[in-house]
Amino acid sequence: MDNKFYKFFPNTKLYMTFIALLLAILMFYNIPLGFIGLAFYAYLIYYNLQINKIRSQEFSKFVETLSADIDIAGKNTLSKIPIPLVIVDSSGKILWANSLFYGNTKVNLYGKDIKYFIKDFDSEKILKDRKNVYEKVIINDKVFNVLISPVETEKEKDRYIYLLYFIDYTNYYTLYEMYNDKKSIVALLEVDNFDEVIKSTEDINRPTLLAEIDNRINAFAFSIDALIRKYENSKYILVFENQYFDSLVENKFDILDKIREIDVGNKIPVTLSIGIGRNGDTIGKTHQFAVAAKDLALGRGGDQAVVKDGDRLSFFGGKTKEVEKRTRVRARVIAHALSDLIDQTEEVVIMGHESPDIDSLGAALGMYRGVKLLERDAYIVLNGINSSIEKIMDKVNKTNAYNGVFINCETALQKVMSGALLIIVDVHRKKFVECPQLVDHAKNIVIIDHHRKSADFIDNATMTYIEPYASSTCELVTEILQYLSEKPHIEQIELQALMAGIYMDTKNFSFKTGVRTFEAAGFLKKNGVDIVEVKKLFMDDLETYKERTKLVANAEINDKIAIAVYEGMVKNPLVIPQAADELLTLEGVEASFVLAKLNDEVVISGRSLGTINVQLILENLGGGGHMTIAGAQLDDINISDAKKLLLESIKNYLKESDEK
């Protein structure tokens with residue numbers, strides 16, 4: 001009998017056992033009387049069984065009646081529940097729906113599938129992922145959150161039906177969207193190279209130029225109903241509602257194009273940098289986002305908009321060449337600030353990027369000399385020598401002046417943890433430095449770089465000097481050296497390394513070469529650099545020449561873009577950028593990309609004549625650089641898949657350019 005029955009009625013086993021024991025004692029002393037008692041005991045057993053049978057029947061009837069009542073109550077509850085309700089099977093077929101659901105849908109549900117209303121309904125995912133709600137389901141201008149309750153059927157094991165409760169969230173989402181639309185966005189606008197643009201314009205046209213800039217920025221502010229204030233000659237702040245943001249993205253911040261189109265006699269094009277802050281906890285936090293976004297826009301060369309939405313960054317524009325800043329004011333300020341930081345420490349550790357090239361090593365040697373001019377000990381982090389710096393390092397090792405100067409990561413970490421100043425050159429991204437752990441432990445960090453600022457830049461630096469207009473980091477370091485000492489004495493090997501860095505990144509003064517590039521080279525020449533020795537650093541052996549020629553011969557040209565893939569493992573990594581440079585000499589080629597396998601990664605080198613921004617293309621693959629010179633390194637991928645990713649990035653870039 002069911003255990004529930006025993007809980008409902010008293011258990012008679014104990015009494016019957018006790019009577020049987022007494023009956024046995026009676027039988028022992030008086031047998032006739034014992035038989036009488038035995039007959040009476042048999043009747044008790046029969047009576048007890050009959051009573052239990054009657055009670056069991058009555059209880060079963062009670063349970064059946066109760067179940068029927070519950071079924072009736074359940075059906076009434078389902079039909080009268082005050083929210084839309086649908087029951088579906090595992091395939092999504094609608095089995096039943098209450099009147100409220102019919103009233104909201106106004107659709108004939110016969111033969112309908114729930115996917116007609118919930119497109120991503122998946123019963124397997126509901127059970128596997130324990131999904132219990134679908135949010136923002138729109139039915140006839142109403143918005144519902146759908147609660148899900150799977151119920152296993154009794155007839156078939158592992159067969160489920162699903163009760164879907166449609167909770168009306170229309171008012172909630174209406175209020176949410178209204179609140180979201182009214183949230184404040186802060187935008188900071190700055191005219192790039194304002195002083196240079198003004199100086200390039202004749203006096204008679206300057207008022208017209210200034211008025212045209214103001215008119216176009218004010219018209220932009222009016223189009224988005226923004227509060228606008230001009231707080232410096234070249235700087236503006238705008239505050240506007242979030243409801244206008246999507247239109248700005250849709251138009252790809254066309255204010256950048258409108259400003260660039262200004263032509264009232266200015267010899268240098270007018271460009272704009274925009275930093276936008278969104279979704280800060282407070283208006284002050286949103287303003288901080290805008291400040292960080294504008295700094296990033298300027299660090300990437302200007303003529304672009306950067307949006308900082310919490311931790312997410314979005315980039316728009318940035319397809320034009322950087323305009324050189326002819327003033328050295330910032331270089332002088334940076335040099336003086338750097339001098340103060342060096343004076344406050346006993347040791348300085350200098351670090352470039354992994355697999356250093358001649359620009360990285362040249363800048364490191366230049367900063368080494370700068371630190372020594374201030375009478376402090378300096379060390380350069382170098383874990384190994386590659387073919388890019390092999391020749392210059394052979395020269396360094398032949399002198400005794402640099403004994404103990406080059407140290408590995410372990411030694412550098414000890415010095416940094418002891419308080420040494422860390423100077424990072426030719427890189428500003430943590431994952432690309434020679435020893436990333438140094439960044440985590442350094443108390444003071446200085447960054448000197450010429451690459452366009454990336455979203456994952458080192459954000460805990462004490463001082464950052466990133467100038468994407470510069471030809472090379474060696475150019476920036478050469479300028480700094482001039483302000484660290486009135487008459488700096490620079491060793492010949494250091495002069496050669498600095499000049500070689502400029503030579504390499506400008507392709508013998510052919511690309512990204514400005515007035516200040518020649519001034520830096522002039523300073524090095526004035527201090528006695530041996531140009532012939534510098535040229536010898538770039539001489540190739542026959543094997544390197546053959547390898548480069550093979551790469552160029554494998555190139556394919558489409559849409560004025562040449563792509564070359566090296567099959568197999570490249571022996572000399574120098575041939576990768578060299579081949580990209582050589583492809584640009586072909587008629588009809590405006591940009592080139594070379595892919596090659598190097599150790600466990602695929603290296604991509606990109607070059608451009610300026611009409612195509614290779615930096616934006618390779619940035620989508622995790623790389624970076626400049627508009628005309630960029631690179632990327634892809635881990636855990638074969639070269640054919642890397643080429644597919646590159647082609648996809650090129651396709652997206654060209655599509656966006658066509659839309660402009």
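In the predicted model, the end C-alpha atoms of residues 568-655 lie 32 Å apart, and this span is 36% helix and 31% strand. An unreviewed UniProt entry lists residues 568-655 as "domain: DHHA1".

An open sheet of 6 strands is found in the model, with the order β18-β19-β20-β21-β23-β22 and mixed pairing. Strands β18 (556-558) and β22 (624-625) stand at the edges of this sheet; each has a single partner strand, so one side of each is left without a neighbour in the sheet. Strands β20 (residues 591-598) and β21 (residues 601-608) run antiparallel and are joined by 8 bridges. Lys-597, for instance, has Val-602 in β21 as its bridge partner. Helix α21 (residues 542-553) lies across β19 (561-569) and β20, and its direction is at about 130° to β19.

Aromatic side chains were examined next. A pair of aromatic rings is described by the distance of the centres and the angle of the planes. The count of aromatic pairs comes to 16. One of these is formed by Phe-253 and Phe-316, a tilted pair with 4.9 Å centre to centre and 45° between the planes. This pair links distant parts of the chain, since Phe-253 is in the loop between α9 (245-250) and α10 (255-260), whereas Phe-316 is in strand β11 (residues 312-317), 63 residues apart. Phe-253 has a relative accessible area of 1% and is therefore buried. Phe-316 is likewise buried, because its relative accessible area of 16% is under the 20% cut-off.

A further pair is formed by Tyr-368 and Tyr-402, whose ring centres are 5.6 Å apart and whose planes are at 50°, so this pair is tilted. Tyr-368 belongs to helix α13 (residues 358-373), and Tyr-402 to the loop between α14 (390-398) and β14 (406-407); the pair therefore ties together parts that are 34 residues apart in sequence. Tyr-368 and Tyr-402 are both buried.

Aromatic residues also occur in a cluster, and some rings have a lysine over the face. Phe-101, Tyr-116, Phe-117, Phe-144 and Phe-166 make up one aromatic cluster. Within this group, Tyr-116 has Lys-112 over the face of its ring, at 5.5 Å from the ring centre. In another such arrangement, Lys-453 lies over the face of Phe-457, at 4.4 Å from the ring centre.

How values were computed: Residues numbered from 1 in each chain as written. Predicted model: local features only at pLDDT ≥ 70, side-chain atom pairs only at ≥ 80, totals over all residues. Heavy atoms only, no water. Pairing = 2+ DSSP bridges. Helix = DSSP H or I, 4+ residues; strand = E, 2+ residues; numbered from the N terminus. Contact = heavy atoms within 4.5 Å. Axes fitted to C-alpha atoms, helices over the stretch in contact; angles between N-to-C directions. UniProt positions renumbered as here; feature names shortened; annotations may be inferred. Phe/Tyr/Trp six-rings, centres within 6.5 Å; stacked < 30°, edge-to-face > 60°. Buried < 20%, exposed > 50% of the residue type's maximum accessible area, 1.4 Å probe, protein only. Lys NZ or Arg CZ within 6 Å of the ring centre and 35° of its normal.
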